[in-house]
Amino acid sequence: MSDADKAVTHELTVQRLAGEMFREAAWAALGTFVLGVVVSTVIWGTAGLFGSLIGGAIAIGSSLATLLLMRKTAALDPMFVMVAALGGFMGKLIVLLLAVILLRNQQWLEPKALGITLVATVLVTSFLEARASKRSRSQMVVPASEGA
């Protein structure tokens, strides 16, 4: 049986979408991260470097966690995929809250560099992932039912 003959399942659709989203956003996220590191280092020095490295790492980790979550839950019922997505979102908020609490008032990093790099990288990544999702042809196919 060729790939064209295989039934398109929900799992395959979600995994294709996660791959397309990763390909669309990966280089732009890394570029935004590097730009944030360079600009922060020029403006705030070593403290800006450390702040932007932490902010960019949190942002890229957040994006990768979303895509990994999509791949790992693709075989589940769509309702459970949405529950996992909500849980992943809450998990990312908790990580962000912990980072802010633990890193506040630290002299060795610049909080503005952390925040600006984090927000810029998340915005660019989220925009490109959403654009990839909108452009994706993988969602145009109605998955075959189990009994067919």
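This is a predicted model: local features need pLDDT of at least 70, side-chain atom pairs count only at pLDDT 80 or more; totals for chains, interfaces and linings use all residues.

Colleague: Which residues does UniProt list for "transmembrane region"?

Modeller: The unreviewed UniProt entry lists 25–44, 50–69, 81–101 and 113–130 under that name. In the model, residues 25–44 are 100% helix, with end C-alpha atoms 28 Å apart. Residues 113–130 are also 100% helix, and their end C-alpha atoms are 25 Å apart.

Colleague: How is the packing of two helices described?

Modeller: One gives the angle between the two axes and the distance between them. Here helix H1 (residues 10–44) packs with helix H2 (residues 46–73) at about 175°, the axes being 8 Å apart. Angles over 145 degrees count as roughly antiparallel, so H1 is roughly antiparallel to H2. The residues of this contact comprise 18 nonpolar, nine polar and one charged.

Colleague: What span should H2 have, given its 28 residues?

Modeller: At 1.5 Å a residue, H2 should span 40 Å, and its end C-alpha atoms are 40 Å apart, which agrees.

Colleague: Which residues of H2 are buried?

Modeller: In an α-helix there are 3.6 residues a turn, so residues three or four places apart point the same way. The buried residues of H2 include Gly48, Ser52, Gly56, Ile60, Ser63 and Leu67. The buried residues of this helix pack against H1, helix H3 (78–103) and helix H4 (111–135).

How values were computed
Residues are numbered from 1 along each chain as its sequence is written. Side-chain values use heavy atoms; hydrogens and water are left out. UniProt positions are given in the numbering used here, feature names are shortened, and annotations may be inferred rather than shown by experiment. Helices (H or I, at least four residues) and strands (E, at least two) are DSSP runs, numbered from the N terminus. Axes are lines fitted to C-alpha atoms, for helices over the stretch in contact, and angles run from 0 to 180 degrees between N-to-C directions. Angles under 35 degrees count as roughly parallel, over 145 as roughly antiparallel, 65 to 115 as roughly perpendicular and the rest as oblique. Ala, Val, Leu, Ile, Met, Phe, Trp, Tyr, Cys and Pro count as nonpolar, Asp, Glu, Lys and Arg as charged, and the others, Gly among them, as polar. The expected span of a helix is 1.5 Å times one less than its number of residues. Buried means under 20% relative accessible area, exposed over 50%, partly exposed in between (1.4 Å probe, protein chains only). Contact means heavy atoms within 4.5 Å.
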